[in-house]
Amino acid sequence: MCYRIFSPKPVPPGELVNINGTYIHVRAEGEKKSLPTIIIEAGAHSNTDMLHWLAEGLKNNTRVLRYDRDGKWFSESSNDDQKSPEFYAHQLHELLEKTGEKPPYILVGHSMGGPYSRIFRDLYPNEVAGIVFIDSSHPEQWKRLAQKELVPKGQAKFLKVGSVLADLGLVGIYNKTLSKAVHEGDGLPKEIHERARLLTSNSGDVYRMFLRENKLTNQVLMRAGRTKKLDSLPVLVFTATEQYKDSQKQKYRKDGISPEKQVQLWFDMQKELKELSTKGKQIIINASHGTIITKKENADVINKEILSLSEKIGNKN
């Protein structure tokens, strides 16, 4: 209790915007100029901080916006416990209107951010000028990879316990007195890891959001699979390759799908995302699913292609 009362509280690096009574955390940077506004959608276990290098590399050339979905990271959770996959797209649209952003938009989605982007485009097709998938999830990934859920049962139990310990202040006391700060070698700045450490020490909400998102993932993937074709909409697909190295050291899974086969299935699905549009382009990056965005050198490659696409769209308009 003392820790919860007297410990420093994490400060949102962006702005909290009231959307129908729920405060959503958003970070908008850069000037609009003549290019489309870039909207970056984080993955299921990700947040605005994980998108650091993407935003840093884009903001000097165009307007770029990143935000935390309802209940994630610094965003509050709305009272609606039965959220539909469309809820998040509508909430994002209201956020854009509330902050004064204007289309056209280029949607950039990492991991599960890809399906969320597809749903937004399906609901607001006239506002989207292009889509960028960064090692994006595929609507049929669970079926093809013989997996059932985003968070396995064992990990889910750990998150439930972690949420209670964080609410009691015990996680914070442990981090403060016994645990040394860990700055992972993922390429992100030190202050980002320190902010994450402080946020997860002060509240169990972050853990609970992982669990809520786990329940919604299947619905989001199914809804993304029902979206209309992208026709000639410009599409970029970035695919990570590092799984190939790891797969050589792993054993066959119980379902009989070898790691090598899993990797090939993932690449097949990535190719299908490119083929959603007649103007699709796929780029392979030697990175993992996470470091494809958290390491600056990888983000630089992605940003260069996004800006090139943005300029083509801007000149056409």
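**Leu95 and the nonpolar cores**

Leaving aside residues up to four places away in sequence, Leu95 touches Val17, Ile19, Ile24, Val26 and Tyr67. These contacts, like everything described below, are read from a predicted model. Leu95 and Phe120 are the residues with the most contacts inside the largest nonpolar core, which has 34 residues. Helix 3 gives the most to this core, contributing six residues.

**The cavity**

A search of the whole structure for cavities of 30 Å³ or more finds one, and about 30 Å³ of space lies in the largest cavity. Its lining is made up of Glu41, Tyr67, Pro85, Tyr88, Ala89, Leu92, Tyr116 and Ile119; Tyr67, one of these residues, is also touched by Leu95.

Helix 3 (85-98) and helix 4 (113-123) each supply at least two residues of this lining, and the largest share, four residues, comes from helix 3. By residue type, the lining divides into seven nonpolar, no polar and one charged.

**Helix 13**

Helix 13 covers residues 296-316, and its 21 residues should span 30 Å at 1.5 Å a residue, which agrees with the 30 Å that separates its end C-alpha atoms. The buried residues of helix 13 are Asn298, Ala299, Ile302, Asn303, Ile306, Leu307, Leu309, Ser310, Ile313 and Gly314. As background to that list, an α-helix has 3.6 residues a turn, so residues three or four places apart point the same way.

Technical notes. Residues are numbered from 1 along each chain as its sequence is written. This is a predicted model: local features need pLDDT of at least 70, side-chain atom pairs count only at pLDDT 80 or more; totals for chains, interfaces and linings use all residues. Side-chain values use heavy atoms; hydrogens and water are left out. On a 1 Å grid over the protein atoms alone, a cavity is a set of points where a 1.4 Å probe fits but cannot get out, and a pocket is an open set with protein on both sides within 12 Å along at least five of seven lines; lining residues have an atom within 4 Å of a point. Grid points are joined across faces, edges and corners, and a volume is the space filled by probe spheres set on the points. Ala, Val, Leu, Ile, Met, Phe, Trp, Tyr, Cys and Pro count as nonpolar, Asp, Glu, Lys and Arg as charged, and the others, Gly among them, as polar. The expected span of a helix is 1.5 Å times one less than its number of residues. Buried means under 20% relative accessible area, exposed over 50%, partly exposed in between (1.4 Å probe, protein chains only). A nonpolar core is a set of buried Ala, Val, Leu, Ile, Met, Phe, Trp, Tyr and Cys residues joined through side-chain atoms within 4.5 Å. Contact means heavy atoms within 4.5 Å.
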